[in-house]
Amino acid sequence: MTETLPSAVLSPLASNPAADGAHRLPQSRHLATQIPGPRSRELHAQRLAEVSDGFGITLPVFVQRADGGIIEDVDGNRLIDLASGIAVTSLGAANQRVAQRVAQQLEKFTHTCFMVSEYESFTRVCAWLNRNTPGDFAKRTALFSTGAEAVENAVKIARAATGRPNILVFDEAYHGRSLLTMGMTSKVNPYKLNFGPLPEHIVRAASANPLRSQGRDVHELLALVEQQIVEHGARSFAAMVIEPIQGEGGFIVPMPGFLPGLRALADKYGIVLVLDEIQTGIGRTGKLFAAEHEDVVGDLVLTAKALANGVPLSAVTGRAELMNAPHAGGLGGTYAGNPLACEAALAVFEQFEDGSVLRNAQRIEELTRQMLEPLVDSTGSVAQVRGRGAMLAVEFADRDTLAPRPELAAAVSQACHAAGVLTLTCGTYGNVLRLLPPLVIGQELLRDGLQVLRQAVLDLA
């Protein structure tokens, strides 16, 4: 089955050097071989002989180069990147400003450990985050290396500041793969399976999934959250931790009013509200931080992923009195705020200055919705197209019963891969196809990738 493309005129993606043609690779899809090609298959066989089977793989192609919205593999295929390394390379997987800053730092020094001897870029990254995270109050920032480290350190900070043990998390949450963050994550397979026992003092509450709320409104769901808090002892909770859009859980945008309601509950019971913006932050949703869509201010805000565009860096930013609660030496890490990563982050910040990247994210949403939302009515198995900015998803489920269709999500994703479009799946039931294009992707390249996706849905649904 085929379908005519929508005819409405869209605003072009904003003009900036990373999105309007200043590229080293052609910004077009090209299949030189089948996917994966012979060289990728050969290298994948070597990987199986050398690498732990504990690492999964979405698409077994080996990357040779990347630029803008294109990934080129070792067989000469050019794939449209709708994954961004799971929301990491938001400015493209070979961003030139990032590369230049990192190269200049490499000539100076690669590491000193900020806890041993200091360097200015660490402080400058902290200063930018202090200025730009929401909240009109004095802030401090601590830098780390991974998202899971940021989550764990936020818990440490909240416990040090409050003297309380419990952490409130939510259904469909994902917070990482370390021991504590596994416990905080909702999905068992693959994240928690066989890895127990898990830490104590973690309490889970209902989330506010508009599609699967079983008829409850936001007030009822907030009442359930409060019930959990009260039943476990309101004064026992150090923090509640939530993603403003739940990522691995299925790109779930909570019901309007849920995040403000959590803010009110945190204030009522003296609980530290931690906003996990690791996947949503640094422009992914069309604003610097996703919580800005509902004007919610966290006490602590977590960033990673796109923070340094692929160089490992994470941060906890928050109220100065909370951030200063841990004793000296209580926070840190050998690689925390590595100078190469800090320079990469400063290059990222520069590219947000004129607003064009955020406008691109908004226009990505505009085009994506226009091309994919009609699938809800034209098929019986696309339950919802949702998200914000360039963090968008298609949920596959039976229209009448909402029974999840994970096999369809997998089949659509595989069809996209075969046609040269890199997509990812996610969701508690594995029935969601998520779209995370680079914020600098060109409009025609994005349109091509979305048309491949849409045709795959029409052929398979």
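These legends walk through several close-up views of one predicted protein model. Residues are numbered from 1 along each chain as its sequence is written, and side-chain values use heavy atoms, with hydrogens and water left out. Because the model is predicted, local features need pLDDT of at least 70 and side-chain atom pairs count only at pLDDT 80 or more, while totals for chains, interfaces and linings use all residues.

**View 1. The whole chain and its overall dimensions.** The C-alpha trace spans about 60 × 60 × 50 Å along its principal axes. A compact globule of 461 residues would have a radius of gyration near 23 Å, and the 22 Å of this chain agrees (taken over C-alpha atoms; the globule rule is 2.2 Å times the number of residues to the power 0.38). Of the 461 residues, 56% count as buried (buried means under 20% relative accessible area, exposed over 50%, partly exposed in between, with a 1.4 Å probe and protein chains only). Among contacts with a separation of 6 or more, 74% come from residues 24 or more positions apart (contact means heavy atoms within 4.5 Å).

**View 2. The largest nonpolar core.** This core holds 65 residues, of which V125, L143, F396 and V412 touch the most other members (a nonpolar core is a set of buried Ala, Val, Leu, Ile, Met, Phe, Trp, Tyr and Cys residues joined through side-chain atoms within 4.5 Å). Helix α10 (residues 339-351) gives the largest share, 9 residues. Zooming in on F396, and leaving aside neighbours within four places in sequence, its contacts include P404, L408, V412, L433 and V457. A second, separate core has 27 residues, including L168, V218, L221 and L222.

**View 3. Helix α13 and its cover.** Which residues of α13 are buried? They are L408, A409, V412, S413, C416 and H417. Their cover includes β12 (391-396), β15 (432-435) and α14 (443-460). After the helix comes G420, whose phi is positive, near 90°.

**View 4. A salt bridge between R101 and E350.** The side chains of R101 and E350 meet in a salt bridge at 2.8 Å, N to O (a side-chain nitrogen of Lys or Arg within 4 Å of a carboxyl oxygen of Asp or Glu). This pair links distant parts of the chain, with R101 in helix α3 (residues 96-108) and E350 in helix α10, 249 residues apart. R101 is buried at 18% relative accessible area, whereas E350 is partly exposed at 29%.

View 5. D267 and R263 form a salt bridge, their closest N and O atoms being 2.8 Å apart. Both lie in helix α8 (residues 258-269), and because they are 4 residues apart, about one helical turn separates them. D267 is exposed at 51% relative accessibility, while R263 is buried at 13%. D299 forms a salt bridge with R319, with closest N and O atoms 2.7 Å apart. D299 sits in the loop between β8 (272-276) and β9 (300-303), and R319 in strand β10 (residues 314-319). Salt bridges that share partners join R263, D267, D299 and R319 into one network.

Methods: Helix = DSSP H or I, 4+ residues; strand = E, 2+ residues; numbered from the N terminus.
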